[in-house]
Amino acid sequence: MAILEVKNLGKSFGTLEVLQKIDFSLEKGESLAIIGSSGSGKTTLLRCLNFLEKPDKGSIMVNNEVIFDAMDPATQRESEVRKKRLHFGLVFQNFNLFPQYTVLKNVTLAAELLAKERPDYKQEKKAILNEIEDRAKRLLSQVGLSDKLDNYPHMISGGQQQRVAIARALALEPDILCFDEPTSALDPELTGEVLKVIRNLAEENTTMIIVTHEMDFARDVADRVIFMDEGVIVEQGSPQEVFDDPKEERTKQFLYRYKKDKGHSL
């Protein structure tokens, strides 16, 4: 059964239609790569899923529950947005760490704020905070940063900052982990360390949506690939189907340009 179902999703900015009739689903444990040129709507799609943007049309269903329906105002209440965002952990292009906090605090902060709303928080505060800190340490160890807990963001490399951002997104145990071009702000020598973490997550069957310009990585890691162009899903299928035998001319042209720019075949 699909953990995520997106139906007929649309988003416009003024007269510009950025997303049109977006339909796809995602199975639990599946890694979905979304590829396409800049301006094709990939980032806007992730922002709509995370309710950083409000879709104009369509619906979003998680775990068989409708969390957004453009035709149903009850699903669009601002008071519910934060709760709905918890379904999706989002790793941004540019890290977005809090510079005034340590690596460990960056990972624990959101969980600590949410914990204050628990009815047993006052009575169990110490145990709750210890549990949050222990989980954050495990996640930082998982991404290879157990020796950087007390460092501040300016004291670590861009690749390490992005790994902190991944740990932070995982800390709230989202249903789906989303990546928005996670290596685009990194120097080439740092890209590999971030992709290795994502690859490990895929091997652990973490449910993920990965917007990426790393075609070789998408081919190797994704269970399924979506190609977007001008706000629509042009083609989707297995990596072998999309990269080796694309059916749509726009997909063929995109992959041809990529291969030409990179000087090799996928």
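1. A residue is taken as buried when its relative accessible area is under 20%. By that criterion helix α1 (residues 42-49) of this predicted model is mostly covered, with 6 of its 8 residues buried. These are Lys42, Thr44, Leu45, Leu46, Cys48 and Leu49. Phenylalanine 51, which follows α1, has a positive phi, near 60 degrees.

2. Helix α5 (residues 158-171) packs with helix α6 (residues 188-203) at an angle of about 25 degrees, and their axes are 8 Å apart. Angles under 35 degrees count as roughly parallel, and α5 and α6 are therefore roughly parallel to each other. Their crossing is right-handed.

3. On the α5 side, the residues in this contact are Gly158, Gly159, Gln160, Gln162, Arg163, Ile166 and Leu170; in α6 they meet Leu190, Glu193, Val194, Val197, Ile198 and Leu201. Sorted by class, the contact comprises 7 nonpolar, 4 polar and 2 charged residues.

4. The largest nonpolar core has 34 residues, of which Leu140, Ile166 and Phe179 touch the most other members. Two or more residues of this core come from each of α3 (103-115), α4 (121-142), α5, β7 (176-180), α6, β8 (208-211) and α7 (215-221). Another core, of 28 residues, lies apart from it and includes Val6, Phe24, Val62 and Ile226.

5. Leaving aside residues up to four places away in sequence, Phe179 touches Leu46, Val91, Ile166, Ile198, Leu201, Met208, Ile209, Ile210 and Val211.

Terms used:
Residues are numbered from 1 along each chain as its sequence is written. This is a predicted model: local features need pLDDT of at least 70, side-chain atom pairs count only at pLDDT 80 or more; totals for chains, interfaces and linings use all residues. Side-chain values use heavy atoms; hydrogens and water are left out. Axes are lines fitted to C-alpha atoms, for helices over the stretch in contact, and angles run from 0 to 180 degrees between N-to-C directions. Helices (H or I, at least four residues) and strands (E, at least two) are DSSP runs, numbered from the N terminus. Angles under 35 degrees count as roughly parallel, over 145 as roughly antiparallel, 65 to 115 as roughly perpendicular and the rest as oblique. A crossing is left-handed if the near helix is turned anticlockwise from the far one by less than a right angle, and right-handed if clockwise. Contact means heavy atoms within 4.5 Å. Ala, Val, Leu, Ile, Met, Phe, Trp, Tyr, Cys and Pro count as nonpolar, Asp, Glu, Lys and Arg as charged, and the others, Gly among them, as polar. A nonpolar core is a set of buried Ala, Val, Leu, Ile, Met, Phe, Trp, Tyr and Cys residues joined through side-chain atoms within 4.5 Å. Buried means under 20% relative accessible area, exposed over 50%, partly exposed in between (1.4 Å probe, protein chains only).
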